Amino acid sequence: SPPAQKSTTAGTSAYTTGVRVTSLLVRAWGGGGGGGGGTNSGFGAGGGGGGAYAYTAAVPVTACTGYTVTVGAAGPGGSAGNDGTNGGKSLFQQDTTLSAGGGSGGAKGAGGGGSGETVANSAGATTIAGGAGGNAGSGGGGGGSAGHQRQPARSLRWLAGAGGGGG
């Protein structure tokens, strides 16, 4: 197998399959939620929740055809006294083909951690919920990661990802 192609930029891009490619191995991680912003009096904030994970070993595709790939962005951490932002959803082609939702942002100063994305908002043969962000303490925590990895049954591999936000 050739080496993986890599991208770390959140956003939407196109991928065109090779000549004899009829299926892809696809993995996706939702963007981590950003940690909440602490207070001016030194109270930390909740960490962002992790994005979900989704995997399908053989997504059927048509050779020499373009497909849409979206890498969910990490949620930015909240500024002082503000909640963190939710992470973005990562998907291959459409929500129902393969998708992994982004984690929730952490709550502002002295607040709770963001919830990890649930499997109910993700699609794939295997889905795993993201972990919850930590509750407020001495500082807000960061979120999980986001990305896709595709490997056609015959030859090509592709990988992309974007890290979670801090607090």
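**Figure 1. Cysteine 64 in the loop between β4 and β5.** In this predicted model, cysteine 64 is placed in the loop that joins β4 (53–60) to β5. Its phi is positive, at about 55 degrees, although cysteine 64 is not a glycine.

**Figure 2. The open sheet of four strands.** The strands of this sheet follow the order β2-β5-β6-β7, and their pairing is antiparallel. Which strands stand at the edges? They are β2 (11–16) and β7 (98–100); each has a single partner strand, so one side of each is left without a neighbour in the sheet. On average, and with direction ignored, neighbouring strands of the sheet are turned by 15 degrees against each other. In general, the strands of a sheet pair through backbone hydrogen bonds, in either a parallel or an antiparallel manner.

Figure 3. Which residue of β6 is the bridge partner of valine 69? That partner is phenylalanine 92.

**Figure 4. Glutamine 93 in the loop between β6 and β7.** The loop between β6 and β7 contains glutamine 93. Phi of glutamine 93 is positive, near 70 degrees, in a residue other than glycine. With a relative accessible area of 33%, glutamine 93 is partly exposed, because a residue counts as buried under 20% and as exposed over 50%.

**Figure 5. The salt bridge of lysine 89 and aspartate 95.** A search of the whole structure finds one salt bridge. It joins the side chains of lysine 89 and aspartate 95, with a distance of 3.6 Å from N to O. Are these residues buried or partly exposed? Aspartate 95 counts as partly exposed at 39% relative accessibility, and lysine 89 likewise counts as partly exposed, at 31%. In general, side chains of opposite charge can pair when their charged atoms come close.

**Figure 6. The surroundings of alanine 123.** Alanine 123 is placed in the loop between β7 and β8 (126–128). Its relative accessible area is 17%, so alanine 123 is buried. Residues up to four places away in sequence aside, alanine 123 touches Ala54, Asp95, Thr96, Leu98 and Ser99. Among these contacts is Asp95, the residue whose side chain meets that of lysine 89 in the salt bridge. Alanine 123 and alanine 100 are 23 residues apart in sequence, and their C-alpha atoms are 6.7 Å apart in space.

**Figure 7. Confidence along the chain and the final residues.** The mean pLDDT of the protein is 78, and 77% of its residues reach 70 or more. Where is confidence lowest, and where is it highest? Confidence is lowest in strand β10 (residues 157–163), with a mean of 41, and highest in β7, at 91. Over residues 145–167, pLDDT stays under 50; for this stretch the model has 120 contacts beyond four places in sequence.

**Figure 8. The protein as a whole, as context for the close-up views.** The protein has 10 strands and zero helices. Of its 167 residues, 41% count as buried. Among contacts between residues at least 6 apart in sequence, 74% join residues at least 24 apart. The accessible surface comes to about 7,300 Å², and 50% of this surface belongs to carbon and sulfur atoms.

Conventions. Residues numbered from 1 in each chain as written. Predicted model: local features only at pLDDT ≥ 70, side-chain atom pairs only at ≥ 80, totals over all residues. Heavy atoms only, no water. Pairing = 2+ DSSP bridges. Helix = DSSP H or I, 4+ residues; strand = E, 2+ residues; numbered from the N terminus. Axes fitted to C-alpha atoms, helices over the stretch in contact; angles between N-to-C directions. Buried < 20%, exposed > 50% of the residue type's maximum accessible area, 1.4 Å probe, protein only. Contact = heavy atoms within 4.5 Å. Areas by Shrake-Rupley, 256 points an atom, 1.4 Å probe, with all protein chains shown as cover. Salt bridge = Lys/Arg side-chain N within 4 Å of Asp/Glu carboxyl O. pLDDT = per-residue confidence, 0-100.
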